[in-house]
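Student: I have a structure to look at and some questions about it. Can we work through them one by one?

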Amino acid sequence: MTNIETNNHNIVYDVEGLNLWYGDDQALKNINMQIEKNEVTAIIGPSGCGKSTFIKTLNRMIENIPIVRTSGEIRYHGKNIFDKSMRVEELRTMVGMVFQKPNPFPKSIFENVVYGPRIHGIKDKKILMEITESSLRSAALWDEVKDRLHDNAYGLSGGQQQRLCIARCLAVQPDVILMDEPTSALDPIATSKIEELIDRLKEDYTISIVTHSMQQAARISDKTAFFLMGELIEFDNTKVIFSNPRDQRTEDYITGRFG
Amino acid sequence: MMDFNTIGQKTFNLSTKGVKKVNTYKIKIDHDRINRRIKLNNISKVVFSLSTVFALIVLAILLYRIGVQSYGWLNFKFLTKNLSIFPEKAGIYGAIIGTVGLMLIVIPVTLVLGVATAIYLEEYATRGKMQAFIKINISNLASVPSVIFGLLGLTVFSRMLNLGSSILAGGLTMSLLVLPIVVVSSQEAIKAVPNFLREASYAMGANKWTTVRKVVLPVAIPGILTGSILALSRAIGETAPLVVLGIPTLILRIPKTIMDDFTALPIQIYYWTLDTVLTAEYANLAAATIVVLLLVLFIMNSFAIVIRNKFQKRF
Amino acid sequence: MKDNISVRETIQNNIKNKKNITDKIMPAFFLLMASISVLTTFGIVLTLITDAYRFFIAVPFSEIFSTKLAPLNANPSFGILPLINGTLISTLIAMLVAGPVGLAAAIYLSQFASERVRRTLKPIMEVLAGIPTIVYGFFAYSFVTPLLMKIIPDLGAKNVLSPGIVMGIMIIPLVASLSEDAMNAVPEIMREGALGLGSTRLEVALKVVIPSAISGILASFVLAISRAVGETMIVTIASGSSKNFTFDITQSMQTMTGYIVEFTSGDAATGTTGYYSLYAVGLLLFLFTMVMNLIAQYISHKYREEY
């Protein structure tokens, strides 16, 4: 049996020597990095650099692709997530994920939010209602939808849908939220709302966000990791990365010389 | 007005590396030929459209003929009376009950088998030899003539399992016959469920079965239903397998259980058509039964179309 | 925030206590269900082969490949050639109707028809394809045959011509819709290219679209032949059960499917050679449609790779 204890130690994720292959193609090469509690870690890099692959490895969603192989360790609160005793279902309730394209279920707003709690055995209507309200409030969506909780989620705007997905993720009270380019399908106003939300959420959660926008990374993150061709080139405080990068390639990328 | 002929006589100057070459193209436009081509095109358009309409005309004649022949024979009495050797007294109540009985077997059997098979192929099977084998199998099964299914039913259900020519034997035979349709249409419906919904579910810590049950199936159900209704309408109209099972010619008793002998709408049409040699009025009875059968099929198909249109393109 | 802690704990406890058997049992259950389709095929092959085998050991090959079919005689003879002949002739007539008309309809729908016309015609085609074959059988026997008799006075009340034609009408939608799919798969740029050079739509259809879609069209023909060979009720009703070996299409002929129906609904006792002959014919029919289907799959698979 696994025992994931949310201890007081500040390191949430400790990635050590992580390699990943799609069949024969190596997508991640010897990644070493640590993600700390209540920080926003931005992961940047050109398309195909492995940033999406990396974030999907953190909750083992990448294993849905059958040809994927990994080596190395990812320790989540000290426990290797690739360990046999680690139950992927448990890991994923601790580590929520928000996707590139808003992907609510074609059900009501309420049903969407309580999906997680429900499938994990919470049936009490009153508790589910409380979860819905608190999750939607945390996702800054409650005031907009409180009168139409039983309407279909696809009636919401794109930005609202994405915040609903965040609320759905918060409903199981995770510890970490992984975001895979969460604003790339949204307009600037919806994007800024999500960014504000991330800023508030980091008080309670640890957030990792993949983004193709360097401005976004600079605006919202505490730490930034720069990936290039499957390698972690540089990982440091966001301020350092954007003002005084150590690696020439990081500088080339953030100054827009490629990518 | 410019003369089109002159367009073809333009002179092109193409210079390459200082060497001045003058190529002169003379294209003579043959108006007669163009007119011929356009005429041919227009004639063929008419011929092609007539071919398409031909099918419609036949359909119209077929419906008209059957309507005329059934006129005066199709009434409430016809639907509620049982078979009789006297055409004026004969009704199809027994055949209706038989067809309903068949459906009561076919619906649960094909839904369970068909949807489960589709779920296995789309959600569980890894893309390997096993999946390919089952897929080829199903597509081949779909092309096996229905009369062969009759032979299978006769051997396995009627003789080996001793079910005779009961509703159960007929229903099971029909189920195997339409199973490929249900499987393929359910597969299509499951395939059409966008992958991002599955991802959303897995990311919430759901396992595969929960994801299938709570996310995939609810979204796929309209498609599955549409396909199942079409499969069912195929089963309602099929005759050959039932004839092969040896359904008796004249059944005067209304079936009470699924173990009873029975007759069904298409069977009744078949026997009445054969017997028109003896009694001309049987053709009217056959036509009247066809009207009933076609109406049932029409209602079912409309239902399928309504479901399809209502749930199309939700993402 | 006391409530929140309890939600987290409940979830974690529930996951820990869950045995997760569904992820082990359900795949096995689904595989079992999926195997039924495979079992059905095996069942068909097994029943056909077992009983056909008894037929083949009882009847010499010289008799099987003869033109004399008289299963119910006191001294029965089991020549299969009349049945093959009847099957091929009815199929040929059907294809002479369905081939050109179906193809022409496909060309019209994909090249000439406006979107509105297409959207009206296609569902009607589907209706035509959805009519039970027994209805076509009735139509052939009670309408088409009497109609043809006015043109061909010698036509028998049961003949192979009328069911052949009606069978052709029945498979028009199959040829039309599969061929149209193949034609629509031809990239739009190829058509536009030809149209831009001043070709008429007919020329585009004949010189660009059909050559590119030829394998899909062929596949639709092969499937149509397979359907016609396996079709039962139309020929049983309208073609009758004469077992003569003849090429005269105004006469009654029996097809392989018709033979099976006549024999099972008649009173061939289990265990007689006549009863086993049913399975021999069934086996032949099964193999034929199987091969045709595989050919169609092969052809259309090849054509999918072209673009």
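Student: What is the strand order of the open sheet of six strands in chain A?

Tutor: One caution before the answer: this is a predicted model. The sheet is open and its pairing is mixed. Its edges are strand 6 (95–98) and strand 10 (231–237) of chain A, each of which pairs on one side only. Read across, the order in chain A is 6-7-8-3-9-10.

Student: How many degrees does the twist average from one strand to the next?

Tutor: Take the six-stranded sheet of chain A, with its order 6-7-8-3-9-10. Going from one strand to the next, the twist averages 15°.

Student: Which helix of chain A packs on that sheet, touching strand 6 and strand 7?

Tutor: The two strands touched are strand 6 and strand 7 (176–180) of chain A. The helix direction makes about 170° with that of strand 6 of chain A. The element is helix 6 (residues 158–170) of chain A.

Student: Is A:Arg163 buried or exposed?

Tutor: A:Arg163 lies in helix 6 of chain A. It touches residues that include A:Ala139, A:Leu141, A:Glu144, A:Lys193 and A:Leu197. Buried means under 20% relative accessible area. A:Arg163 has 5% relative accessibility, so it counts as buried.

Student: Within the sheet, which residue is the bridge partner of A:Ile43 in strand 9 of chain A?

Tutor: Strand 3 (residues 40–44) and strand 9 (residues 223–228) of chain A pair in the parallel sense. Four bridges join them. The partner of A:Ile43 in strand 9 of chain A is A:Ala225.

Student: Now strand 1 of chain A. How many of its 12 residues are buried?

Tutor: Strand 1 covers residues 11–22 of chain A. It pairs antiparallel with strand 2 (residues 25–36) of chain A over eight bridges. It also pairs antiparallel with strand 4 (residues 68–76) of chain A, again over eight bridges. Strand 1 of chain A is mostly covered, and the buried count is nine.

Student: Which residue takes a positive phi in the hairpin of strand 1 and strand 2 of chain A?

Tutor: The hairpin has two residues between the strands. A:Tyr22 stands opposite A:Asp25 in strand 2 of chain A. The residue with a positive phi near 60° is A:Gly23.

Student: On to the interfaces. Which residue of chain B forms a salt bridge with C:Glu203?

Tutor: Chain B and chain C bury about 6,400 Å² between them, 77% of it on carbon and sulfur atoms. The contact takes 72 residues from chain B and 77 residues from chain C. The count between these chains is one salt bridge. With the closest N and O atoms 2.6 Å apart, the partner of C:Glu203 is B:Arg37.

Student: How many salt bridges cross the interface of chain A and chain C?

Tutor: Here 22 residues of chain A are in contact with 13 residues of chain C. The two chains bury about 1,400 Å² between them, 47% of it on carbon and sulfur atoms. A:Arg87, A:His120 and A:Gln173 supply 37% of the area on the chain A side. The salt bridge count is zero.

Student: Last one. Which three residues supply 55% of the area that domain 1 of chain C buries against domain 2 of chain C?

Tutor: The domain assignment gives domain 1 (2–58) and domain 2 (69–304) of chain C. Their centres are 38 Å apart, taken over C-alpha atoms. Together the domains bury about 950 Å², 87% of it on carbon and sulfur atoms. The three residues of domain 1 are C:Leu48, C:Asp51 and C:Phe55.

Definitions and conventions
Residues are numbered from 1 along each chain as its sequence is written. Chains are lettered from A and ligands numbered from 1 in the order in which they are written. This is a predicted model: local features need pLDDT of at least 70, side-chain atom pairs count only at pLDDT 80 or more; totals for chains, interfaces and linings use all residues. Side-chain values use heavy atoms; hydrogens and water are left out. Buried means under 20% relative accessible area, exposed over 50%, partly exposed in between (1.4 Å probe, protein chains only). Two strands pair if DSSP finds at least two bridges between them. Axes are lines fitted to C-alpha atoms, for helices over the stretch in contact, and angles run from 0 to 180 degrees between N-to-C directions. Contact means heavy atoms within 4.5 Å. Domain bounds come from an automatic or database domain assignment. Buried area is the accessible area (1.4 Å probe) that two parts lose on being put together, summed over both. A salt bridge is a side-chain nitrogen of Lys or Arg within 4 Å of a carboxyl oxygen of Asp or Glu. Lists of a residue's contacts leave out its neighbours within four places in sequence.
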